[in-house]
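Please look over the sequence and the model before reading on. The report below is meant for a reader who comes to them without any background.

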Amino acid sequence: ARCKGLFFCGQEPFVADEYIERLAWRTPGGGSRGGEAFDPKRLLEEFVNHIQELQVMDERIQRKVEKLEQQCQKEAKEFAKKVQELQKSNQVAFQHFQELDEHISYVATKVCHLGDQLEGVNTPRQRAVEAQKLMKYFNEFLDGELKSDVFTNSEKIKEAADIIQKLHLIAQELPFDRFSEVKSKIASKYHDLECQLIQEFTSAQRRGEISRMREVAAVLLHFKGYSHCVDVYIKQCQEGAFLRNDVFEDAAILCQRVNKQVGEIFSNPETVLAKLIQNIFEVKLQSYVKDQLEEHRKSDAEQYLKNLYDLYTRTTNLSSKLMEFNLGTDKQTFLSKLIKAIFISYLENYIEVEIGYLKSRSAMILQRYYDSKNHQKRSIGTGGIQDLKERLRQRTNLPLGPSIDTHGETFLSQEVVVNLLQETKQAFERCHRLSDPSDLPKNAFRIFSMLVEFLCTEHIDYALETGLAGIPSSDSKNANLYFLDVVHQANTIFHLFDKQFNDHLMPLISSSPKLSECLQKKKDIIEQMEVKLDMGIDTLNCMIGQMKHILAAEQKKTDFKPEDENNVLIQYTNACVKVCGYVRKQVEKIRNSMDGKNVDTVLMEFGVRFHRLIYEHLQQYSYSCMGGMLAICDVAEYRKCAKDFKIALVLQLFDTLHALCNLLVVAPDNLKQVCSGEQLANLDKNILHSFVQLRVDYRSARLARHFS
């Protein structure tokens, strides 16, 4: 028991160290309790006793385990035996079930056979009974007096309809000469019942009785007037449905409502819904479209096109909504035909109306602009581009047309351009929506051609030609150079034109042969404008001419050969100041007027001419020592101005010119050293000599000797 108390303490797992510790603690002399002397012998004795007790306990537990194992084996054998007995019982039961199933199948077969025999006997009997009833009803028609309750009781209209429908079919087979009267009576009753059923259906629809409508529709399904029943349903559905101004929204709501209801009433709901939609398109929408378009068709092309685009768009949007419903097998073709039937007369000549309106509208926008400027547009450049080039090259005074005084007007307007592009954008949108897919690229190209004619030719090209005609000659004084303003505005406008080309035209022609034709047309326009812009380079001659006038008016011979060499107070001449100011303004104007490589090209040409002008100007004077210093200061200022060009060649030319000016002041003994310097070593000796000759002391024997 002592051992058990140590071993099974609580529910914790057995730990040997803890067990030994507890044993030593409980043993007197074990040394674990405070104040006790440690007695190893007693502890050893206690350990030996516990080991013996544990061995005895192990043997006892082992015997118990063996006993339990034997008992388990015995019970397992008994359970296996019981399972075998149950399996045998199950097999016997399964055999009984199979026998019972076979017996049931045999009985069922007999019953089915008996049922078939009974049906074979009963069906002819039922037919005979039904035939007898029909003969009875036929006799009533033959006698001319309907006595049966089925014909006189209004509540049995369903049964009467079934009978009269069958009698009507029988009557169709009877010879007319013998049974004409009875056939007429049956047909009359057939017609009366048909009208009663339709009236009943109409009343039920007004009362909202779906179940009654379904019953009557099922009876009328076998009558010739079934289609009339559908027509009545469609007509009554539309009563009060189109009260708002938006007929398209009303139609969508109506179809949505009917779509939920029609399946509960008719056996062929998709056919009925398709017939309703067809009726809406052919009656309501066609009438509405005609009223909206015919009002403006001949009197107001702009409103006509807007209405046509809006109505066609709203009709196609309605069609997209109706695609959600079940309308049969090919609803896409069905709806497309309905739309085409409404708009075919308007779409056939749509592009002609579009082009005519665009042409008149664009002409009006341009004319209104020129009228606001009090400008009478004239024909300029009738001799062609080559004649204009030749005139500008020779700078003759032979005008290509009447003389035009622009008074600084560029004859380009952002407002006009925006209006033209907006009109064309709307035309492209209408073209995309209203054109047949096969005609879309061709129609888009025609609209593009209108834009080219009025924006590029009649507006931009006219402004360029007017600007070219107004370029003053190089010897004009105080000439105003408005052509760069024309270039600047033309450049901005063409960017807008190019954006519309990419955004609105390209998607319409990207996959058609018209793409290459449009790109070529655009390329031709660009080349034609570039030719005229290149011709406008003659403006640089005017700039150089203005600079010549400034130099001629401001530069004095005494600037570079002052009377008093010791009393020169200026850093550079007045002519230099004014020329540099003028050049900086023109450089800024060129940068603002052009973009891309055109800026560098024009600035390089301007810079080279600027350098040539200053070079030739300096060759006209003689220089004293102080005058040479002043010339160097002027050239240094010109060089600062040349840096604004940001063209390496121009700066290099002025660096060389500055080095050449040093020859005007260098001591005679240092001339050869300066001429062999880095910047002057590669120059022609005649150029160096020409600058040295400008010195006032050149004729002295000493200077000539040193330079020879």
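## Overall make-up

This is a predicted model, and the protein in it has 26 helices and zero strands. Of its 708 residues, 38% count as buried. When contacts with a separation of 6 or more are considered, residues 24 or more positions apart account for 73% of them.

## The largest nonpolar core

The largest nonpolar core holds 158 residues, and the members that touch the most others within it are Y233, F266 and F606. Helix 16 gives the most to this core, with 16 residues. In soluble globular proteins, nonpolar side chains tend to be buried together.

## Helix 13 against helix 16

Helix 13, which covers residues 350-372, and helix 16, which covers residues 440-469, have axes that come within 10 Å and cross at roughly 15°. Because angles under 35 degrees count as roughly parallel, helix 13 is roughly parallel to helix 16. The crossing in which helix 13 passes helix 16 is right-handed.

On the side of helix 13, the residues that meet helix 16 are I351, E352, E354, I355, L358, K359, S362, A363, L366, Y369 and Y370, and their counterparts in helix 16 are N443, R446, I447, M450, F454, E458, H459 and Y462. Sorted by class, the residues of this contact between helix 13 and helix 16 divide into 11 nonpolar, three polar and five charged.

## N443, a residue of helix 16

N443 lies in helix 16 and is one of the residues with which that helix meets helix 13. Is N443 buried or exposed? Its relative accessible area is 6%, so N443 is buried, the cut-off being under 20%. Leaving aside neighbours within four places in sequence, N443 is in contact with I351, C431 and S435. N443 and I355 are 88 residues apart in sequence, while their C-alpha atoms are 9.1 Å apart in space.

## Helix 15 against helix 17

A second pair is formed by helix 15, residues 414-434, and helix 17, whose axes come within 10 Å and cross at roughly 5°. Helix 15 and helix 17 are therefore roughly parallel to each other. The contact is made on one side by Q414, V417, L421, T424, K425, F428 and H432 of helix 15, and on the other by T492, I493, L496, F497, Q500, H504, L505 and L508 of helix 17. By class, this contact of helix 15 with helix 17 has eight nonpolar, six polar and one charged residues.

## I493, a residue of helix 17

I493 has its place in helix 17, which covers residues 483-509, and takes part in the contact of that helix with helix 15. With a relative accessible area of 1%, I493 is buried. Apart from neighbours within four places in sequence, I493 is in contact with L412, V417, L455 and I460. One of these, L412, is 81 residues from I493 in sequence but 8.8 Å from I493 in space, C-alpha to C-alpha.

## Two loop residues with positive phi

Which loop holds N374? N374 lies in the loop between helix 13 and helix 14, the latter covering 385-394. Its phi is near 55°, a positive value in a residue other than glycine. The relative accessibility of N374 is 74%, so N374 counts as exposed.

K646 lies in the loop between helix 22 (625-643) and helix 23 (648-661). Although K646 is not a glycine, its phi is positive, at about 55°. K646 has a relative accessibility of 68% and therefore counts as exposed, the cut-off being over 50%.

Terms used: Residues numbered from 1 in each chain as written. Predicted model: local features only at pLDDT ≥ 70, side-chain atom pairs only at ≥ 80, totals over all residues. Heavy atoms only, no water. Helix = DSSP H or I, 4+ residues; strand = E, 2+ residues; numbered from the N terminus. Buried < 20%, exposed > 50% of the residue type's maximum accessible area, 1.4 Å probe, protein only. Contact = heavy atoms within 4.5 Å. Axes fitted to C-alpha atoms, helices over the stretch in contact; angles between N-to-C directions. Parallel < 35°, antiparallel > 145°, perpendicular 65-115°, else oblique. Left-handed = near helix turned anticlockwise from the far one by under 90°. Nonpolar A, V, L, I, M, F, W, Y, C, P; charged D, E, K, R; others polar. Core = buried A, V, L, I, M, F, W, Y, C linked by side-chain atoms within 4.5 Å.
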